[in-house]
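Have a look at the sequence and the model first.

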Amino acid sequence: MTAGRFTKEEDAKLMSALENALENRKGEVKTLEDARAALRGERVEGTVPDKATWKGWVRFVWDEVVLACPGRSRESVYSRGRRLLQDTKRGAWTSSEIARIKELVDANRAAGMAQIQWTEIGRELARPASACRDIFRHKMQHHAAAALALASQMPPAAMPVAAPLLSP
């Protein structure tokens, strides 16, 4: 299995396969935009008779698309395809966007939410929710690694002392 980022060529193949699959199935939905909405994970009422048929239709389309991306897992093709279909901002992240994600995550945690509301964060930033989650995790891991590197350069006497885990 191929891992890592999709190349521009892979993105082009994926989108071409997606358009072909949609074109082949266009009689099964009212419009191609309804089909694109379905592939983004949105169910459009009245386009297919029932939910089971709709799920089967979506699965069948993605099955065709996966064949165009040899070496990639179904999950990675599906995830990448949904990201490409979203009408959101793409490209490099600004420092203000990253700072805003951290503010929103901190607000989620302060509100006592069981899970971070990535969909809401994505909507506010006009970015895919999964991209917001990914950049946050990447930046937090980078921040943690930088803190560890800095700590390893400190002389032992300058390192902060941790509080004991158990009281005597």
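The notes below go through a few local features of this predicted model.

**Aromatic pairs**
- Two aromatic pairs are found in the structure.
- One of them joins Trp-62 and Tyr-78 edge-to-face, with 5.2 Å centre to centre and 80 degrees between the planes.
- Because Trp-62 belongs to helix α3 (residues 51–67) and Tyr-78 to helix α4 (residues 74–85), this pair ties together parts that are 16 residues apart in sequence.
- Trp-62 is buried at a relative accessible area of 1%, whereas Tyr-78 is partly exposed at 31%.
- Trp-118 and Phe-136 make a tilted pair, since their ring centres are 5.6 Å apart and their planes are at 50 degrees.
- That pair links distant parts of the chain, with Trp-118 in helix α6 and Phe-136 in helix α7 (residues 129–153), 18 residues apart.
- Both Trp-118 and Phe-136 are buried.

**Charges over rings**
- Arg-72 lies over the face of Phe-6, 4.0 Å from the ring centre.
- The charged end of Arg-127 is placed over the ring of Trp-93, at 4.0 Å from its centre.

**Helix α6 and its end**
- In helix α6 (residues 118–125), the buried residues are Trp-118, Ile-121, Gly-122 and Leu-125.
- These residues lie on the same side of α6, because they cover an arc of only 100 degrees around the axis.
- Residues three or four places apart point the same way because an α-helix has 3.6 residues a turn.
- Ala-126 follows α6 and has a positive phi, near 60 degrees.

**Asn-108**
- Asn-108 sits in helix α5 (residues 95–110) and is buried, with a relative accessible area of 9%.
- Beyond its neighbours within four places in sequence, Asn-108 contacts Met-113, Gln-115, Ile-116 and Gln-117.

Notes:
Residues numbered from 1 in each chain as written. Predicted model: local features only at pLDDT ≥ 70, side-chain atom pairs only at ≥ 80, totals over all residues. Heavy atoms only, no water. Helix = DSSP H or I, 4+ residues; strand = E, 2+ residues; numbered from the N terminus. Buried < 20%, exposed > 50% of the residue type's maximum accessible area, 1.4 Å probe, protein only. Contact = heavy atoms within 4.5 Å. Arc of directions from axis to C-beta. Phe/Tyr/Trp six-rings, centres within 6.5 Å; stacked < 30°, edge-to-face > 60°. Lys NZ or Arg CZ within 6 Å of the ring centre and 35° of its normal.
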